[in-house]
Amino acid sequence: MPEVGPDVVAWAALAGGAALGALSARAWAQAARYWNNPAARPSPVALSRYFGPEARKWLEQGCGLNAACLTGLTLLLLGGAWLPPDRGAGTRNPVAFAVAVCGLAVFLAGVLGQLSLGFLGGPLFLLPRHARGGTDDKTGGPRGRTAGSPTEPGTRGVSAPIARASDGGAEIMVFRDESDAYAQLRRYRVYVDGKRVGDIRRGENCVRSLAPGPHTVQVRISWCSSRPSRVEVSPGDRLRFICRASPGVQSGPAAVYRRRHDFLLLRAV
């Protein structure tokens, strides 16, 4: 077989870099459009096919990381195309070497960011503000530590019984146990009827209004969750739940896979 010359490899790398550069520019344009307009469709992400629906949604919302990966590959190929074929590339062409190293760093940062979103659901600054669902209360109810709620310092749980309000309204409060030692710096996500309604750290609570009738309540973190709790709400009800990590999940690394559907505990109090 004829030997492929270094010029052919350099031209191939240059052509590949140009093609990836076009894809990168398109990805950045789509990401900028999505960050400025919640109604815009985020660009697809290659890694999303290896994750579940929830993680796939985060990866698509963090589409800027996909654009960063494409930019890193573009710089890596362009820097490699300019490097001389013999040894000593870093000293013979330091600019090309720096471009290639910078491209590799940007690519790895983008991949690590996507893995963090897929497995950990954060950090949230990688997502546009409108995609950080559950951080703003859109129902008018209090969020976090609320006056009169049993979340004062030193309180380890919610002990008040289910009460009925005189105004005829109904609401639900989900409180995260202050003694919960799992993922202390992260939030649990609260879902009612499959919709994310809030995020809670240790000692915080999430209060939401409910319409009378049947509902399901669940808390999640990354791809792990509690078992859904089904409740029947009547006018005037005040439903209270407490959540924490299930016993033993911290000491068992495989629990995030074997016990992913009962990784968290959620019970009415």
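## A loop residue with positive phi

Asp193 sits in the loop between S3 and strand S4 (195-200). The model described here is predicted. Asp193 has a positive phi of about 55°, although Asp193 is not a glycine. That deserves a remark. Most residues other than glycine have a negative phi.

Ser222 is placed in the loop between strand S6 (213-221) and strand S7 (224-225).

Is Ser222 buried or exposed? With a relative accessible area of 8%, Ser222 is buried. The cut-off for buried is under 20%.

How many salt bridges does a search of the whole structure find? The search finds six. Two that involve strand S9 come up here.

Take Arg238 and Glu171. Their side chains meet in a salt bridge, with 3.4 Å from N to O. Arg238 belongs to strand S9 (residues 237-245) and Glu171 to strand S2 (residues 170-176), so the pair ties together parts that are 67 residues apart in sequence. Arg238 has 17% relative accessibility, so Arg238 counts as buried. Glu171 has a relative accessible area of 25% and is partly exposed.

Now take Arg244 and Asp177. They form a salt bridge, and their closest N and O atoms are 3.1 Å apart. This pair links distant parts of the chain. Arg244 is in strand S9, while Asp177 is in the loop between S2 and strand S3 (188-192), and the two are 67 residues apart. Here the arginine is partly exposed, with Arg244 at 28% relative accessibility.

## Another bridge, and a network

Arg196 and Asp199 make a further salt bridge. Their side chains meet at 3.1 Å, N to O. Which of the two partners is buried? Asp199 counts as buried, with 2% relative accessibility. Arg196 counts as partly exposed, at 24%.

Salt bridges can also share partners. In this structure, such bridges join Arg227, Arg259 and Asp262 into one network.

## Two helices side by side

Now to the helices. Two packed helices are described by the angle between their axes and the distance between the axes. Helix H3 (residues 63-82) packs with H5 at an angle of about 160°, and their axes are 7 Å apart. Angles over 145 degrees count as roughly antiparallel, so H3 is roughly antiparallel to H5. Their crossing is left-handed.

A glycine can be found in helix H5: Gly113. Where does Gly113 stand in relation to Leu65? The two are 48 residues apart in sequence, but their C-alpha atoms are 6.7 Å apart in space. Gly113 is buried, with a relative accessible area of 10%.

Which residues make the nonpolar surface patch? They are Leu112, Leu115, Phe119, Leu120 and Tyr257. The patch covers about 500 Å². Helix H5 (residues 94-120) supplies the largest share of the patch, four residues.

Phe119 is a member of the patch and lies in helix H5. Phe119 counts as partly exposed, at 34% relative accessibility.

One more pair brings the text back to loops. Gln184 lies in the loop between S2 and S3. Asp177 is also in the loop between S2 and strand S3. Gln184 has 40% relative accessibility, so Gln184 counts as partly exposed.

How far is Gln184 from Arg202, C-alpha to C-alpha? Their C-alpha atoms are separated by 6.6 Å, while the two residues are 18 residues apart along the chain.

Notes:
Residues are numbered from 1 along each chain as its sequence is written. This is a predicted model: local features need pLDDT of at least 70, side-chain atom pairs count only at pLDDT 80 or more; totals for chains, interfaces and linings use all residues. Side-chain values use heavy atoms; hydrogens and water are left out. Patches are made of residues with over 30% relative accessible area and no salt bridge: like charges are joined within 9 Å, nonpolar side chains (Val, Leu, Ile, Met, Phe, Trp, Tyr) within 5 Å. Accessible areas come from the Shrake-Rupley method with a 1.4 Å probe; for residues, only the protein chains shown count as cover. A salt bridge is a side-chain nitrogen of Lys or Arg within 4 Å of a carboxyl oxygen of Asp or Glu. Buried means under 20% relative accessible area, exposed over 50%, partly exposed in between (1.4 Å probe, protein chains only). Axes are lines fitted to C-alpha atoms, for helices over the stretch in contact, and angles run from 0 to 180 degrees between N-to-C directions. Angles under 35 degrees count as roughly parallel, over 145 as roughly antiparallel, 65 to 115 as roughly perpendicular and the rest as oblique. A crossing is left-handed if the near helix is turned anticlockwise from the far one by less than a right angle, and right-handed if clockwise.
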